[in-house]
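Here is a short report on a pocket and the aromatic residues around it. Please keep the sequence and the 3D view open while reading.

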Amino acid sequence: MSGSSSGPIDLRGALVDGFASAAEQHGEATADGDHERANKAFRTLSRLALQIEGRRSETVAIVDELYLRPHPSVRSWAAVLGLSVSPSKAIEVLQDVANEYRGLVGFGAEMLIAEYNAGRFKKPW
């Protein structure tokens with residue numbers, strides 16, 4: 001969301017909306033088998049994730065806001081951020097996604113949980 005000339009720019013809102021949009025695009029492109037679009041969305045996700053992580057005092061609140069989005073790819077990607085700041089909540093969200101969705105999204109959530117529990121999880125950015 002860009003602010004008007006009379007008000008400040010809502011950077012936090014822009015980060016949340018941009019991350020959610022990129023996560024949705026990534027999920028849809030992956031499901032469609034469009035690797036070029038998925039890779040482009042991943043680059044955007046990575047850039048925004050680093051910016052969100054850089055806002056240390058707001059990271060948990062931003063991740064919590066992303067968890068409320070209905071799209072499973074948004075919730076899953078938010079959980080990737082959440083594993084380093086609030087792992088129990090991130091695992092809970094991933095478990096919900098795995099239980100609610102089959103296919104790549106559910107499988108991806110299951111694999112993230114397994115890799116985290118095995119101590120092999122590494123942020124992709």
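## Pocket lining

Helix α6 gives the most to the lining of the largest pocket: five residues. The model is predicted. The elements that give two or more residues to this lining are α1, α4 and α6.

The largest pocket holds about 460 Å³ of space. It is lined by 16 residues, and the closest to its centre are His26, Ser76, Trp77, Leu104 and Gly108. By class, the lining has nine nonpolar residues, six polar and one charged.

## His26

His26 sits in helix α1, which covers residues 11-32. Is His26 buried or exposed? Its relative accessibility is 16%, so His26 counts as buried; the cut-off is under 20%.

Which residues does His26 touch, leaving aside neighbours within four places in sequence? They are Ala38, Ala41, Phe42, Leu45 and Trp77.

## Aromatic cluster

The structure holds three aromatic pairs. One of them joins Trp77 and Trp125. This pair is tilted, with 6.2 Å centre to centre and 35° between the planes. Trp77 belongs to helix α4 (residues 72-82), while Trp125 is in the segment after α6 (103-117), so the pair ties together parts 48 residues apart in sequence.

Trp77 is buried, at a relative accessible area of 14%. Ring pairs also link Phe42, Trp77 and Trp125 into a cluster.

Key
Residues are numbered from 1 along each chain as its sequence is written. This is a predicted model: local features need pLDDT of at least 70, side-chain atom pairs count only at pLDDT 80 or more; totals for chains, interfaces and linings use all residues. Side-chain values use heavy atoms; hydrogens and water are left out. Helices (H or I, at least four residues) and strands (E, at least two) are DSSP runs, numbered from the N terminus. Buried means under 20% relative accessible area, exposed over 50%, partly exposed in between (1.4 Å probe, protein chains only). Contact means heavy atoms within 4.5 Å. Rings of Phe, Tyr and Trp (its six-membered ring) pair if their centres lie within 6.5 Å; planes under 30 degrees apart count as stacked, over 60 as edge-to-face and the rest as tilted. On a 1 Å grid over the protein atoms alone, a cavity is a set of points where a 1.4 Å probe fits but cannot get out, and a pocket is an open set with protein on both sides within 12 Å along at least five of seven lines; lining residues have an atom within 4 Å of a point. Grid points are joined across faces, edges and corners, and a volume is the space filled by probe spheres set on the points. Ala, Val, Leu, Ile, Met, Phe, Trp, Tyr, Cys and Pro count as nonpolar, Asp, Glu, Lys and Arg as charged, and the others, Gly among them, as polar.
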